[in-house]
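Thanks for coming, everyone. I will go through its inside, ring by ring and then helix by helix.

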Amino acid sequence: MKLNTIDYLAPDSAERFVESLRETGFGVLTNHPIQKQLVEDIYNEWYRFFQSEQKNDFLFKSETHDGFFPASISETAKGNNVKDIKEYYHVYPWGRIPESLKANILAYYEHANALASELLSWIEQYTPAEVAAKYSIPLPDMIAQSQKTLLRILHYPPVKGDEEIGAIRAAAHEDINLITLLPAANEPGLQVLTKEGDWIDVPSDFGSIIINIGDMLQEASGGYFPSTSHRVINPEGTDKTKSRISLPLFLHPNPQVVLSERYTADSYLMERLRELGVI
């Protein structure tokens, strides 16, 4: 099995995209409306930020979770006991953002949210009626004006060889949210686990955008859309000397949205954050 890219502008793009999500939990779009130049500018700006001492002026706040998360407190994926090799910054429009980085990152947040809303309408359109009946409200409405949607700028530093045994850039995990939007990173490494149990590379051509299903959509669709395990492996050869910047947008519903008989968006998120030891 391989992941094929889908032309956003093609007449059958919505149907093919939703079919890919159903089969693999992932979809990859080219010719989408988010500007390559904006993404490239953000990668360059934030790479410089992560190389600077300024990042320590924006240390995250445990009450709000906005700001800079250093490698020393990086995440440990569920089921793992070794921290990922990464540092990152959490952007919310209401949160703290360095003044010089604000314009581009907030423009991206807005554009990516608009695209996500459109993609959720595609998903709704091609969800079988008996599955769509489980949605408490239309999927795009779940994220409308949500204050919980998180843009994370990740920096995976070069691999030096002295990392903890078993540590990789991002251990296998699933995302908590509805869907995730990710512009192809400036370096390869993202892989997805197939139904057959094989790890395959996700196409990483610069200019494409990668979308994956999160656990909340899996829950809301009664398992119809799978939240698939994915990881970021360590680079080989000369790529070891390169940093990797990544820009996932995690689309979170408003807290009161009912996902299923068992969960609201808020109760689901709190349960998962407790499992991860974040709260």
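Trp46 is buried, because its relative accessibility is 0%. Buried means under 20% relative accessible area; exposed means over 50%, and partly exposed is in between, with a 1.4 Å probe and protein chains only. A word on the source: this is a predicted model, where local features need pLDDT of at least 70, side-chain atom pairs count only at pLDDT 80 or more, and totals for chains, interfaces and linings use all residues. Residues are numbered from 1 along each chain as its sequence is written, and side-chain values use heavy atoms, with hydrogens and water left out.

Back to Trp46. Helices here are DSSP runs of H or I, at least four residues, and strands are runs of E, at least two, numbered from the N terminus.

What links Trp46, Phe49, Phe50, Phe58, Phe68 and Tyr89 into a cluster? Ring pairs do. Rings of Phe, Tyr and Trp (its six-membered ring) pair if their centres lie within 6.5 Å; planes under 30 degrees apart are stacked, over 60 edge-to-face, and the rest tilted.

The whole structure holds 16 aromatic pairs. One of them joins Tyr43 and Phe206, tilted, with 6.2 Å between centres and 55 degrees between planes. Tyr43 sits in helix 2 (residues 36-51) and Phe206 in the loop between strand 9 (199-201) and strand 10 (209-213), so this pair ties together parts 163 residues apart in sequence. Tyr43 is buried, at 4% relative accessibility. Phe206 is partly exposed, at 35%.

Now the core. A nonpolar core is a set of buried Ala, Val, Leu, Ile, Met, Phe, Trp, Tyr and Cys residues joined through side-chain atoms within 4.5 Å. The largest one has 61 residues, and Trp46 and Phe17 are among those with the most contacts inside it. Helix 3 (residues 102-125) gives the most to this core, 10 residues.

Next, two helices. The axes of helix 1 (residues 13-24) and helix 3 come within 9 Å and cross at roughly 80 degrees. Axes are lines fitted to C-alpha atoms, for helices over the stretch in contact, with angles from 0 to 180 degrees between N-to-C directions. The two helices are therefore roughly perpendicular; that label covers 65 to 115 degrees, while under 35 is roughly parallel, over 145 roughly antiparallel, and the rest oblique. Helix 1 brings Ser13, Ala14, Phe17, Val18 and Leu21 to the contact, and helix 3 brings Leu119, Trp122 and Ile123. Contact means heavy atoms within 4.5 Å.
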